[in-house]
Amino acid sequence: TLVRAVRSEWIKLRTLRSTWVTAVITLVMTTGIGALATVITSKPEYFGSGSWKMAILGAPFGQIVVAVLGALVITGEYSSGQIRSSLAAVPKRGRFLLSKAVVLAVVSFILGSVSVFLSWAISKPFLGEHAGSLTDAHYAGYIWGSGLAYAVIALMTLGIGLLLRSTAGAITVVVSVLFVVTVPLQLAASKWEWINKVIGCLPSTVSSAVSDPFQNATQWGGDGVQFLSHGQAIAVFVAWALVPLIAA
């Protein structure tokens, strides 16, 4: 059954050393960078814009590590031969992939949400009365929004990992799409304006529509390339995960 398949995937995930290593690195990078940026910008001149919005600054770095976890969840089974036992136990491959996706999405969501929460908790003593409040829907949006962004990135990597069946290949593709491809596209955009729309559809761009749901610190696309509505940006971001998962 799906419930038993999910339980087996949870056993696999929590008993692997790589899971705990990537989880700790995700928490340290996201929390550390976010808290440091928040504290550094806690000078009086920044209070007008709310320096606590810097708590999500470490999210892009944490997303890389979550992507590694998303790749290892499936590619590790192919490299070790565990995939034979997995498919023998769950011969319906749709159910097998769904159970992996459910467990990975929940774990990634928790990592993203807890990381931003810890950024707030660590920086709060330094900000005093200027610290964001957890009762503020706008700040709470950073917490659950970052969790959703982490979950989508992990699911995208899971789909790509199952298609490529290679840890290095999956991580290379995802990191390239998230960060590397942006540089040549920005250079090309100075010559061809339509490339700005391509940049506006990249996961690294539209992810901010999810991690910053109330558009407090940033706007997806930045200056000159924001042509999608909030809902459209979220739909494009979700599509980056759904397409490789459906293909897988």
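**Pocket lining and helix packing**

By class, the residues that line the second largest pocket comprise 7 nonpolar, 8 polar and 4 charged; here Ala, Val, Leu, Ile, Met, Phe, Trp, Tyr, Cys and Pro count as nonpolar, Asp, Glu, Lys and Arg as charged, and the others, Gly among them, as polar. The model is predicted, so local features need pLDDT of at least 70 and side-chain atom pairs count only at pLDDT 80 or more, while totals for chains, interfaces and linings use all residues. Residues are numbered from 1 along each chain as its sequence is written, and side-chain values use heavy atoms, with hydrogens and water left out.

A pocket is an open set of points on a 1 Å grid over the protein atoms alone, where a 1.4 Å probe fits and protein lies on both sides within 12 Å along at least five of seven lines; lining residues have an atom within 4 Å of a point. The second largest pocket has a volume of about 280 Å³, a volume being the space filled by probe spheres set on the points, which are joined across faces, edges and corners. Its lining numbers 19 residues, and K12, L16, L72, V73 and E77 lie nearest the centre. Two or more lining residues come from each of helix 1 (2-14), helix 2 (17-40), helix 3 (59-80) and helix 5 (93-127); helices are DSSP runs (H or I, at least four residues), numbered from the N terminus. Helix 3 gives the largest share, 7 residues.

Helix 3 also packs against helix 2, at an angle of about 170° with the axes 8 Å apart. Axes are lines fitted to C-alpha atoms, for helices over the stretch in contact, and angles run from 0 to 180 degrees between N-to-C directions. That angle makes helix 2 roughly antiparallel to helix 3 (over 145 degrees). In contact (heavy atoms within 4.5 Å) are residues including T22, I25 and M29 of helix 2 and V65, L69 and L72 of helix 3. This contact has 10 nonpolar, 6 polar and no charged residues.

With helix 5, the axis of helix 3 comes within 11 Å and crosses at roughly 155°, which makes these two helices roughly antiparallel. Among the residues that meet are V66, V73 and E77 in helix 3 and F96, K100 and L104 in helix 5. The classes here are 8 nonpolar, 2 polar and 2 charged.

Key:
Parallel < 35°, antiparallel > 145°, perpendicular 65-115°, else oblique.
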